[in-house]
Amino acid sequence: MESQPILLVAGTPELEIALGAALGRPQAVHAVPDVAGARAALALAKPAVAVVCVGPSATTERFELARELAGRGVAVVVLGARKDPEVILAAMRAGAREYLVPGEERQLERAVQGLLEASGAVRLGSITAVVPAKGGMGATVIATHLAGALHRAGRRVCVVDLDLELGDVLTFLDLAGTYTLADVAANMRRLDRDLLEASVPRHKSGVFVLSQSEKVAEADRVSPETVVQVLRFLRHHYDHVVLDGLRDFGDIPLAALDLADRTLLVVTQEVPAVRNAQRKAELLRQLGFDAGRVLVVVNRYQKSSPITRQVIEETVRLPVVATIGNDFQSLARAVNQGVLVWSESRRSAVARDVEALAQQLTGTRPAAPRTSFLKSLLPARTAVHGA
């Protein structure tokens, strides 16, 4: 019998479904209606994470259960009715790692994912979305080469092109889209790692690629909900999933961005590009995206440009995580041959800088931003901007 790493105490059926869906494994959640049910479940197996729901009249019994679970090495999250300092303090004293309230379901999913990964109970791949400030920023170049750099570092990587009609990834890599997003969605229940590896197209660089652009007639089978299900599924089979084709803020791009661990906003040192990046960053803030999950990458970087890295950071109000050198000739030759730039020029500035970016991302993954107890009580911090 498969273990159930999440114990949900007194939660709603909707919350049970949401937590299971967040992992791509509905069977991962063991829901019980009360404290007695939780203790009976605990006698059979120890979960990695327990979500204990506390109603408006916070009961001592629920906090005693949280304390008992924490004492047995279970990571506890308390879901309260409201942000009451006394209830938060009681949860802390009971050993809870997190305290969240209704309306913070996405934060709850991320917190549970982070705790599960920290415990070793579940290993999920990272999702990185690459978003251009506007057309012509080289986002597909960044996405494909970032995937290549991650694979060169020994990771299993899949690039997912979410421009369902005019995606560029297959063209850039000179690859046939024999197995699509719609195909994965239709076969998730029977796909294991071996079958997935045999089905999904793989570039000569070792990177797997999922796209829909060569079977556009089937694109209507791919909804925002389908994309979320497929990406959650892929996280179980790849160390990194890199998203390309996110050119607007339609339903599918927004669904994918919400699921991503980080978003790389690609900009160049041109006034229209920086202004567009500023607008996109502001829209992401208005939509509630955590500032720590959005990072700026300056493509075709030139030190002599008057639009410096500092100017971009101050304008966009986001940190520049990397600059990618300008090497048009090597890139053009690589694209024309359907290869990544390492095959064309190992000393290319693009190869060097993208590998540095990959090292930064794997070393400082922001994985699951959490709402800490202190953050629950203190005013929101402003983003820190550094050169």
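Me: Which strands does helix H6 lie across, and how does H6 run relative to E9?
Reply: In this predicted model, helix H6, residues 139–152, lies across E6, E7, E9, E10, E11 and E12, and runs at about 170 degrees to E9. Helix H16, residues 349–363, lies across E6, E9, E10, E11 and E12, with an angle of about 160 degrees to E12.

Me: What is the order of the strands in the open sheet?
Reply: As a general idea, strands of a sheet pair through backbone hydrogen bonds, in either a parallel or an antiparallel way. Here seven strands form an open sheet with parallel pairing, in the order E8-E7-E9-E6-E10-E11-E12. Strand E8 (208–210) and strand E12 (320–325) stand at the edges with a single partner strand each, so one side of each has no neighbour in the sheet. From one strand to the next, the twist averages 25 degrees.

Me: Which way do the residues of E9 point, and are they buried or exposed?
Reply: In a regular strand, side chains alternate between the two faces of the sheet. In E9, His240, Val242 and Asp244 point one way, while Val241 and Leu243 point the other way, and all are buried. Strand E9, residues 240–244, is thus mostly covered, with five of its five residues buried.

How values were computed
Residues numbered from 1 in each chain as written. Predicted model: local features only at pLDDT ≥ 70, side-chain atom pairs only at ≥ 80, totals over all residues. Heavy atoms only, no water. Buried < 20%, exposed > 50% of the residue type's maximum accessible area, 1.4 Å probe, protein only. Helix = DSSP H or I, 4+ residues; strand = E, 2+ residues; numbered from the N terminus. Pairing = 2+ DSSP bridges. Axes fitted to C-alpha atoms, helices over the stretch in contact; angles between N-to-C directions. Contact = heavy atoms within 4.5 Å.
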